[in-house]
Every structure is written in C-alpha cells, then in structure tokens.
Amino acid sequence: MRKWLPLTAVSLSTFMLLVDLTIVSVAAPALADELHSSFAALQWTVDLYVLVLAAFLMAAGSLADRLGHRRVFVVGLIVFAAASLACGAAPNIEFLIAARGVQGLGAAAMYGTNASILGLVYSGRDRSVAFGIWGAANGAAAAAGPLLGGVLTEHVGWRSIFLVNLPVAVAALLLARRSVPGDRQAAGSRLDLPGLSAFTAAAALLVYGLIRAGDAGWTDGGTLALLVGAAVVSVGFLVLEKRNADAMLDLSLFRRPAFAVAVFAAAGLTASAFANLIFASIWAQSVLGLSAMATGLVLAPMAVVGFVVAGGGGRLLHGVPARYSIGLGLLLVGVGNALCLLVGPTSGWGALIPGLAVTGIGVGLSTPVLASAALAAVPPERAGMASGASNTARQLGYAVALPIFATLVTGAAEGVLGDRGAAKALTGGGYGELVGRIPAEVLRTAYADGLDRVFLASAILAIVGSLAVLALYPLGDDRQDRLDPSPGRPDSEHSVPR
C-alpha cells in the first residue's frame, strides 16, 4: 500500500481546500452574529478565497514546473494551515476576509500541483485508479462542505470549520514529505510576474463587476466600467503571454483540441454542478427552517454518489473513450439540474434529492477524466501548467457563476415581490425578517422561482457543454488508455519518466 501514500496526501489536500469553498455558507448566520457582519461582507469570505485561488492557480502550476512540484505543494500546505489558524482566531470580519485571501494562496499552491504530482508518480492502470480517487475527492468535497459545516457549526462552533483543517494539513504534509518524490526543475526560466498581475486583475475585475451587477444592475456605470476593464485587461494578458518566453500559460496549448475542450469543460462542470448549492442551502435553512446540520444532510446525496462513482470509475472506465465519460457526465449533470426544477412553493427538502443524486453520478463520471485529459494533451514538462490551467478553469467557472446565479435568484424574487430591497433580503437569508409583513406563501413562491431559474441555467450550461465535448473532442485523443500512457511506450510522446 506504500505506493498509494502520494495519492493519499494529494487527496487529503484536495478535499480540504475544496471543502473550504462551500463550508462557510452553512456557518454564515452564526459567523455574522458573532462578528457583527453584514451579508455583503460575508460574501467576501467566499468570493475572495475563490478569487485568489483561481487567480494564482496557473502561476502555481508554472512555478511548480520551475521549482519542483513537491516543493510548491509542501509550501502551499504550510501557508494554508497557518491561514486556517488565523481564520479560526479572527477577531473581526475584516481580519477573517484577509486571512481567507491568504488561505486562497496556499490552496492555489496545493491545487495547482495535485494533478501533476499524480501524473508524475503514477502510470498505466495505476494512474486511472489514482485519478479516479482524486476525482472522488474533488466531487465529494464541494458538496460535502455544507454537511461538515452544519455539523461543526451546530455542535462545536463556526471557528471549528477552519481549525479542523490543521490536523488534515499536518497529516498531508507528513505523507508528502515521506512519499512524494522530488522532480526535475526547469532551469533558466523566471516567474511570469506581468502575466500573473494581468490575469489576477482581469479575474478580480470580472468577478467584482458581476457581484456589483447583482446589487446595482447591469446598466450601472460602475458595473459597466468593471466589466469593460476586465475585457481590456484580459486582452492585455493574452498579448503578454504570447510575447513572453517564460509565460505562465503557453497559449499554443489551446491549439491542441483535446486540451482546449478539457479546460472549457472543466469550467462548465464546476459552474453547473456546484455554484447552485449555496442557494439551495439558503432555501433549506431560511425558507424551510432546517438546521445547519439538516441542510448539510439534504445536500449529502450529491457528495456520496459522486464519491462512489468517481472512486469506482477509475478502474471501470479504463480504456473507455474519454469523450463519452466527460460528455455523458455533463449530460447527467444537466439532467440532475433539470430534476431540481421540481422545487416549488410548497415543496419540502425531498424535492432536491433525485436531482442531486443524478448530478452526483455526472460529477463522478466526468471529474477524474477531465483532470487526466488536460495532462495527457501536453508534454510532461508542461504538466504543472496544464494542471494549473484546468484547475483555474474549474474555480473561475464557480467564481463567475456564483454572482450570475445570485442575480437570477434576486431578479426572479423581485418579479414576484415587486420590491428589490425585499428580494435581496430574501435571497440573502432574511425570510424570517420578511414573513411578518409579506405573506409566507408569497415569499416561498419568490424564492422557489429564483431557485428554478438557477437550476434551469445550470441544466442548459451542462447540456451545452456535453454536446460540445461529444462534438469537438478529437477522435485521435479520446481513448482513456491514451490518457494514462505507460513509461517507455515508444509511440507515446507523453510518457512520464519514473
């Protein structure tokens, strides 16, 4: 079993950092009460973490190619653990938001090297199994966050949702130092600071512009300035990367259809499968009156099913065309979201279960293959860059979808209530404050309409992504045994030295 220790270290770190994407949503009421925070400020405890994680993922992968994947991974674990301790000890909301930003840096260093470490350590059928287990950790973590957050918040306190990271980080660190081999470093190259700065600025402007659109509207001058600024800086980033010999993202990789499709499918999967969970969580707690722990249990089917399917998929899908695993997975995510349209004004929590379970199957089928597909499409010396690009797409998909879905929920609620202030209060968890002056059945209808819009948008996004994968993933790169080349195979340009 010693050969699986690197996989254990990587999976622990992945589960930990992805749980922190959604774990705050269930703890928000308790956190706001103790730190006297507004809902808008609480949003930044999620948004800043995701933004920093997404912005620095490609830089982390590029840096790992230069300094060594294990070294960057270990540093990320240490930074993440220290920031988690700071979050757990936060005296006010401003300190917590800043600590979450630092936590995002550590998460980027870990997540940007996870897939490349697995690609360097494992090959053949072992690599299929490794990516299957790692995919299970990916799929389960984002959905398990609300469950763990509910249990810890209800029985220990909100600070424990951050402090629980410490023993996990220590275990992953010890395993990594003991079992993950050092790898070769690229000489004579520098970190792409101009590219990193431009990409971070573009991502920040885009996400902040979308958040502002939900508050001030899409025609607001400030919103338009932020979105135009994001577009201009994005073009600048592409120009910089094209001219820089040490670019953190080699744009020529997107000429490889398998890589381009895998990256864009990764963004679509995360946006359609996970970004809607926070709104389902608010509905369950605020409208249905469930406890934090009960809400976590309602969302658990997606995590459980995703973990089981992804864990078994590594062995069962070895040799199956990758386009079918990814395409069918996205299609099932779309079907699952469509089933969640069963939620109506009089629905109970059971209306979500069928859809979440089907979505979990789709996540479990597609996640492991997406990770290995991006790696297999590039030479081994670009493994960190490919991993960073794929994982960046995942997090940007989540970060961009979140404020868009918030706008959809608020817009639908406003259409029913005829009051934007009441709609924003409702979608922010203020059902109890409004029920005294607005009939409960009207409030339930307003939120149900908003939730339906979010699930419909998620379904359309996933189904379009599925059709794109099935149509565009190249014929010559769609066998999963090509995604797991064995060392020394003469016809494999992607063989990884052991």
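Mentor: Let us begin with a definition. A residue is buried when its relative accessible area is under 20%, exposed when it is over 50%, and partly exposed in between. Please keep in mind that the model before us is predicted.

Trainee: What share of the 498 residues is buried?

Mentor: Buried residues account for 58% of the 498. The protein exposes about 18,400 Å², of which carbon and sulfur atoms supply 67%.

Trainee: How many helices and how many strands does the protein have?

Mentor: There are 18 helices and zero strands. As for the contacts, of those between residues at least 6 apart in sequence, 83% join residues at least 24 apart.

Trainee: How should I read a salt bridge?

Mentor: The general idea is that side chains of opposite charge can pair when their charged atoms come close. In the present analysis, the nitrogen of Lys or Arg must lie within 4 Å of a carboxyl oxygen of Asp or Glu.

Trainee: How many salt bridges does that rule give?

Mentor: The count is five. One of the pairs is K3 with D126, whose closest N and O atoms are 3.1 Å apart. This pair links distant parts of the chain: K3 is in the segment before α1 (5–35), whereas D126 is in helix α5 (residues 124–155), and 123 residues separate the two.

Trainee: Why do K3 and D126 both count as partly exposed?

Mentor: K3 is placed in that class because its relative accessibility is 44%. D126 is placed there because its relative accessible area is 28%.

Trainee: Between which atoms is the distance given for D20 and R100, and what is it?

Mentor: The closest N and O atoms of D20 and R100 are 3.5 Å apart, and the two residues form a salt bridge. D20 lies in helix α1 and R100 in helix α4 (residues 93–121), so this pair ties together parts that are 80 residues apart in sequence.

Trainee: Is D20 buried or exposed, and is R100 buried or exposed?

Mentor: D20 is buried, because its relative accessibility is 0%. R100 is buried too, with a relative accessible area of 0%. A further salt bridge joins E414 and R420, whose closest N and O atoms are 2.9 Å apart. E414 has a relative accessible area of 28% and is partly exposed; R420 is also partly exposed, at 28%.

Trainee: Which residues does L57 touch, on the same terms?

Mentor: L57 lies in helix α2 (residues 39–67) and is buried, with a relative accessible area of 0%. Its contacts beyond four places in sequence are A108, Y111, G112, G388, N391, T392 and Q395. L57 and A108 are 51 residues apart in sequence, yet their C-alpha atoms are 4.8 Å apart in space.

Trainee: Which residues make the nonpolar surface patch?

Mentor: L328, L331, V335, L339, L342, I463 and L467 make a nonpolar patch of about 560 Å². Helices α13 (322–339) and α18 (440–472) are the elements that give two or more residues to the patch. The largest share, four residues, comes from α13. L467 is found in helix α18 and counts as exposed, because its relative accessibility is 54%.

Trainee: How many of the eleven residues of helix α11 are buried?

Mentor: Ten of the eleven are buried, and helix α11 (residues 277–287) is mostly covered. Among the buried residues of α11 are F279, I282 and W283. After α11 comes G289, whose phi is positive, near 75°.

Methods. Residues are numbered from 1 along each chain as its sequence is written. This is a predicted model: local features need pLDDT of at least 70, side-chain atom pairs count only at pLDDT 80 or more; totals for chains, interfaces and linings use all residues. Side-chain values use heavy atoms; hydrogens and water are left out. A salt bridge is a side-chain nitrogen of Lys or Arg within 4 Å of a carboxyl oxygen of Asp or Glu. Buried means under 20% relative accessible area, exposed over 50%, partly exposed in between (1.4 Å probe, protein chains only). Patches are made of residues with over 30% relative accessible area and no salt bridge: like charges are joined within 9 Å, nonpolar side chains (Val, Leu, Ile, Met, Phe, Trp, Tyr) within 5 Å. Accessible areas come from the Shrake-Rupley method with a 1.4 Å probe; for residues, only the protein chains shown count as cover. Contact means heavy atoms within 4.5 Å.
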